[in-house]
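User: Hello! I have a structure open beside its sequence, and I would like to learn how to read it feature by feature. Could you walk me through it?

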Amino acid sequence: MNGDKILIKIENLQKSFGSLEVLRGVTTEIRQGEVVAIIGPSGCGKSTFLRSLNLLEEPTGGTITFEGVDITDKKVNVDRMRQKIGMVFQQFNLFPHMTIRKNIMLAPVKLKLMTEEEASRRADELLERIGLPDKADQYPNMLSGGQKQRVAIARALAMNPDVMLFDEPTSALDPEMVGEVLDLMRELAKSGMTMIIVTHEMGFAKEVATRVLFIDEGNIKEENTPEEFFAHPKNPRLKDFLSKVLV
Amino acid sequence: MLQNLQDRFYLNFIADDRWKYLVNGLKTTLTVTFFAVLIGILLGFLVAVVRSTCEKTGKLKILNAVCKLYLTVVRGTPVVVQLLIIYFVIFGSVKIDKTFVAILAFGLNSGAYVAEIIRGGIMSIDNGQFEAGRSLGLNYVQTMIYIIFPQVFKNVLPALGNEFIVLLKETSVAGYIALEDLTKGGDIIRSRTYDAFMPLLAVAAIYLIMVLVFSKLLGALERRLRNNERR
């Protein structure tokens, strides 16, 4: 189901905060159409890894090649590159001073990728797709957590990204709202979107991901298809981790 | 008793057109306050942007140092002293309009306080807002303009309003450089009529009314901004 085209190539990626080494030479590739789930104990560097991919964290070593361009090169226009990489945050980060419609329209309009009318129409389409067509003119604080996260996904999709990064998208949600967000992500995966997801939802990773990465102590300790990954973990730390999180 | 008050009123305000001292003084006070507020906002905003950009990105280090020096000096010395220094030292050897000097002094002074209010407002916005903007491909300036500042403005409005009320009243020390503002106007009347009660009370009442009107306007603006969010 995944094409052969390599979308992101990560080589020897390192990141330190002062003397604290968070990423210690991560190397992997993300191919077009892949849904990669990243799991690992808290503080293992999985969020830092994800946030490095669109340079929200600036790597201290190694390279990230996105669509053939080394984005760690200082000369690369980071903003242009980020337009192609959607990101969804744990805390939603919707803009509270704008309506839902304006939240979705902001980037495409201000970056002159769409006219107001086009962006507004696109917002309506996306709201229809995420099942919230009636919320267009409301403000974020009137929505539930699950609705907010769905809007955040729509906002990222409005830029027509080539890849979507999810940083623990359901961790801040009440349990009864996790399902609606996962449903949307499942639908997104089916549509062929390349996705990289840091998550604690093992069931979701097992079901939707095409590949699962286990990150521990700043590096990928194991990666495999979800079937193999969960049924026959090899790394002792992963075995230990899975025995703690899976009931 | 009543006759006495009427006489004093006549003496202080009507005779020799003395009310003109108050009216002209009021005009001066309002002029100085208005332009000082403009300078204060402009300067304060610039300083706040430099300071918070330096704190967020580590750039603009030299400008940031200059801003810090400005804040230290202005906040560390009394406004009267600043006013006197600007008038007698900096412009000591040239003939210069006192109103201009007062505007400059109060504007420079207010800018320091406005800067810290706005910087506090910028730093109080969750960093996630900033990251969300950048992750969509907006650059630093666009993120600031479309996402951060609108939220900052709403949050700092009460503190800014307070700063302007303080400024309005603070201009009353402009008499130190013999600028005939509202307070000085009342004082001139007092020196002519040897009556302190009437002119000074009138001056106090005028300040109070101005502050009340301003507070009302500000309250209305705040409510409008809040309504925007929960309809």
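**Reading the two chains**

Analyst: Happy to. Let's start with a strand pair: strand β1 (residues 6-17) of chain A and strand β4 (residues 61-66) of chain A run antiparallel and are joined by five bridges. Within that pair, A:Ile10 sits opposite A:Ile64 of β4(A). Please keep in mind that this is a predicted model.

User: What is the order of the strands in the open sheet, and how do they pair?

Analyst: To read a sheet, list its strands by place in the sheet. Here the open sheet has four strands in the order β2-β1-β4-β5 (chain A), and the pairing is antiparallel. The edges are held by β2 (20-31) and β5 (69-70) of chain A; each has a single partner strand, so one side of each lacks a neighbour in the sheet.

User: Which strand runs parallel to β6(A), and how many bridges join them?

Analyst: The partner is β7(A), and four bridges join the two parallel strands. One facing pair to look for is A:Val88 with A:Phe166 in β7(A).

User: Which way do the residues of strand β6 (residues 85-88) of chain A point, and are they buried or exposed?

Analyst: For this, sort the residues of the strand by direction. A:Ile85 and A:Met87 point one way, A:Gly86 and A:Val88 point the other way, and all of them are buried. Buried here means under 20% relative accessible area.

User: Now backbone angles. Which phi value does A:Leu55 have?

Analyst: The general idea comes first: most residues other than glycine have a negative phi. A:Leu55 has a positive phi, near 60°, and is not a glycine. You will find A:Leu55 in the loop between α1 (46-53) and β4 of chain A. With a relative accessible area of 11%, A:Leu55 is buried.

User: Where does A:Asn160 lie, and what is its phi?

Analyst: A:Asn160 is in the loop between α5 (145-157) and β7 (163-167) of chain A. Its phi is positive too, about 50°, although A:Asn160 is not a glycine. A:Asn160 is partly exposed, at 40% relative accessible area.

User: Let's step back to whole chains. How many helices and strands does chain A have?

Analyst: Chain A has nine helices and ten strands. Its radius of gyration is 18 Å, close to the 18 Å that the globule rule gives for 247 residues, so chain A is as compact as a globular protein of that length. Its C-alpha atoms fill a box of roughly 55 × 45 × 40 Å along the principal axes. Buried residues make up 57% of the 247 residues in chain A.

User: And what pattern does chain B follow along the sequence?

Analyst: Chain B reads α-α-α-α-α-α-α-α-α, with nine helices and zero strands. Of the 231 residues in chain B, 45% are buried.

User: What share of the accessible surface of chain B belongs to carbon and sulfur atoms?

Analyst: That share is 67% of a surface of about 12,300 Å². For chain A, carbon and sulfur atoms supply 48% of about 10,600 Å².

User: Can we finish with contacts? Which residues does A:Met98 touch, not counting residues up to four places away in sequence?

Analyst: A:Met98 touches A:Asn103, A:Leu106, A:Tyr139, A:Pro140 and B:Tyr146. A:Met98 is in the loop between β6 and α3 (100-110) of chain A, and at 10% relative accessibility A:Met98 counts as buried.

User: Which helix holds B:Thr53?

Analyst: B:Thr53 is in helix α2 (residues 19-57) of chain B. B:Thr53 is buried, with a relative accessible area of 8%. Leaving out residues up to four places away in sequence, B:Thr53 touches B:Gly58, B:Lys59, B:Leu60 and B:Tyr140.

Definitions and conventions
Residues numbered from 1 in each chain as written. Chains lettered and ligands numbered in written order. Predicted model: local features only at pLDDT ≥ 70, side-chain atom pairs only at ≥ 80, totals over all residues. Heavy atoms only, no water. Buried < 20%, exposed > 50% of the residue type's maximum accessible area, 1.4 Å probe, protein only. Areas by Shrake-Rupley, 256 points an atom, 1.4 Å probe, with all protein chains shown as cover. Pairing = 2+ DSSP bridges. Rg over C-alpha atoms; globule rule 2.2 N^0.38 Å. Contact = heavy atoms within 4.5 Å.
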